[in-house]
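Please open the model in your viewer and keep the selection panel at hand.

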Amino acid sequence: MSLVKIIRTQRNSYGIRNVLNRSCPALVTPSISLVSSIRSFHRQRGSQQSGDGNFSMFWKSFAGVGIGGATLFYALENSHERNALMKEAPKNSKITSPDRFVDNLPTYGYEDIAKHSTSENGIWVTYKKGVYDITEFVATHPGGQQIMEAAGTSVDPFWDLYQQHNSPEVEKILETFRIGNYKDARESDNISDLWANQPKRDPRLIMRSERPCNAETPNDLLGSSYITQSNLFYVRHHLPVPEIDMENYKLKISSEDGTGKTLEFTLEDIKKFPKHDVTAALMCAGNRRSQMSKHKATKGLEWGPGAVGNAVWSGARLKDVLEAAGVKPDDAKQVQFNGMDLDATGKPYGASIPLTTALDEKKDVILAYEMNNHPISRDHGYPIRAFVPGSVGARCVKWLNSITISSEESLSHWQRLDYKGFNPSIDPNAKDYAKGTAIQYLPVTSAILSPSNGDAVSKKEEYVTVKGYAWSGGGQKIIRIDLTGDEGKTWIDGTIEQQDKMPAGRHWAWTLWSAKIPIPKGKKEVEIWVKAVDSNYNTQPENVDNIWNTRGVLNNSYDKIKIKIN
Ligand SMILES: Nc1nc2c(c(=O)[nH]1)N[C@H]1C(S)=C(S)[C@@H](COP(=O)(O)O)O[C@H]1N2
Ligand SMILES: [Mo]
């Protein structure tokens with residue numbers, strides 16, 4: 001969707017552009033360039049909104065990547081749709097680039113384009129220097145109507161913000177709809193400053209998307225130590241990393257119903273609470289999504305098994321801080337966390353957990369300011385991140401700006417319209433999401449980290465040694481690792497190599513295991529499967545077939561590798 005600049009919007013896009021070009025120093029705390037540009041963007045939006053109903057619709061339908069107006073983008077990004085599109089594409093289109101004017105094509109200004117905002121007149125959009133006619137696309141694609149709802153604003157900022165979609169392939173497809181050159185194309189985009197000051201990352205990380213940065217730990221490094229080094233720990237951002245002005249940094253705590261105090265804490269204030277260490281794994285809901293995508297395409301980053309890590313997190317207990325703010329137990333309430341990274345609508349990344357979890361000392365929820373005994377790095381949430389052991393990564397909000405006690409879950413896109421699981425037949429829309437349950441504690445899972453799929457062993461060997469991790473959400477202990485080298489005819493007990501010694505219900509850290517799998521005689525290949533069993537005797541599904549879901553979350557199926565026998 002980020003591609004689509006539906007026409008009636010050109011008017012607005014001027015204003016927005018101007019605003020984005022203006023720098024607004026020291027407007028807000030924390031002073032980050034994103035905040036200032038987005039907030040003024042926001043104000044601008046407020047003033048224009050009144051005149052145009054569709055405008056606010058757009059914002060609603062966008063609300064982050066994944067719903068409403070995002071449909072075109074998804075269709076373009078989704079591989080099978082993509083192939084279909086390539087076939088549908090007009091034959092005469094030679095591959096050009098949105099970055100260049102194309103000779104022999106007419107030139108249009110925004111007024112020309114504005115005349116083409118209905119199926120009758122044709123639906124034109126602009127992106128960079130190109131003008132595209134997507135009428136056919138809208139007519140023939142489910143969700144096309146939603147694209148129409150998007151009419152009403154410029155989406156250049158979205159495109160800039162969600163650069164993971166900015167793949168050459170997507171641009172290529174868009175180019176097949178090219179009908180002209182856009183004379184009002186902006187030459188430079190100031191919003192790219194958003195990305196100017198991103199942290200440097202360890203080159204050994206496997207980059208799944210650069211902007212925002214999404215990178216996972218390679219298997220060998222992940223398996224080589226019980227504690228994952230901070231610089232090798234997977235990075236999962238939805239937005240640019242904010243720049244935080246520590247002089248003005250304060251964590252705000254308040255209750256929506258006005259009970260309790262509204263307090264502001266500096267980092268130093270938070271450090272005055274008793275320091276609590278938690279050794280815990282953190283895992284993204286999309287970990288191992290790429291295996292799900294092999295069954296059928298999913299919408300998300302193609303993570304291998306490395307969107308997980310195990311670290312020592314230290315900070316103040318959230319319970320202590322909430323109690324200092326006068327928060328009283330209430331089973332119906334939620335703790336909403338807001339980050340400082342803002343989306344294109346100016347809303348922060350946010351998520352929530354039940355207040356009962358936060359106030360239960362045995363759940364070890366902390367406001368972490370250290371990771372592996374050092375201040376948390378920017379990529380992992382400096383200065384403070386919420387850390388909710390045993391839960392999905394998405395709830396562990398980084399760059400924590402405020403905490404609100406509410407009768408409602410966080411209103412953020414990532415709480416309401418993402419990070420929920422559905423059955424394989426549902427391609428969730430906003431209504432499904434509203435009914436769905438937010439992922440909190442994760443199910444039991446395991447993965448093989450060595451050898452790698454496709455590695456070879458000698459037939460002279462008797463065994464192949466297999467190593468990996470296992471983990472279960474909600475503090476459940478891994479009690480068994482089961483492996484098979486003959487598709488389940490015989491099972492072998494894995495050996496637990498490293499595991500925490502926490503009391504029952506507080507096994508937040510992962511378990512490292514190893515196993516020796518016999519090499520079958522007279523065969524060219526052995527397929528190895530692993531499943532873990534947790535202290536609730538829950539275990540993993542055999543394959544992804546019946547747990548597959550459009551977003552590709554919660555893949556906890558058996559991990560399987562094939563090893564060649566030479
Ligand atoms: N503020 C903020 N917090 C966030 C995110 C984010 O994009 N912004 N991503 C979440 C997700 S989906 C995951 S999996 C974890 C990743 O944490 P890490 O980058 O430290 O590994 O952070 C969570 N907290
Ligand atoms: Mo995640």
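A cavity is a set of points, on a 1 Å grid over the protein atoms alone, where a 1.4 Å probe fits but cannot get out; its lining residues have an atom within 4 Å of a point. Grid points are joined across faces, edges and corners, and a volume is the space filled by probe spheres set on the points. This is a predicted model, in which local features need pLDDT of at least 70, side-chain atom pairs count only at pLDDT 80 or more, and totals for linings use all residues. Residues are numbered from 1 along each chain as its sequence is written.

The structure holds five cavities of 30 Å³ or more. First, select R236, R385, G393, C396 and K398: of the 19 residues that line the largest cavity, these are the closest to its centre. The space in the largest cavity is about 220 Å³.

Next, select M283, C284, A285, N287, R288, L442, P443, T445, L554, N555 and N556, which line the second largest cavity. Its volume is about 90 Å³. At least three of its lining residues come from each of domain 2 (212-431) and domain 3 (445-565), with bounds from an automatic or database domain assignment.

Finally, turn to the strands (DSSP runs of E, at least two residues, numbered from the N terminus). Three of them form an open antiparallel sheet in the order β6-β7-β8, where strands pair if DSSP finds at least two bridges between them. Select β6 (206-209) and β8 (235-236), the edge strands, each of which pairs on one side only. Three bridges join β6 to β7 (residues 214-216), and S209 stands opposite N214 in β7.

Notes
Chains lettered and ligands numbered in written order. Heavy atoms only, no water. 1 Å grid on protein atoms, 1.4 Å probe; cavity = no way out; pocket = protein on both sides within 12 Å on 5 of 7 lines; lining within 4 Å. Helix = DSSP H or I, 4+ residues; strand = E, 2+ residues; numbered from the N terminus.
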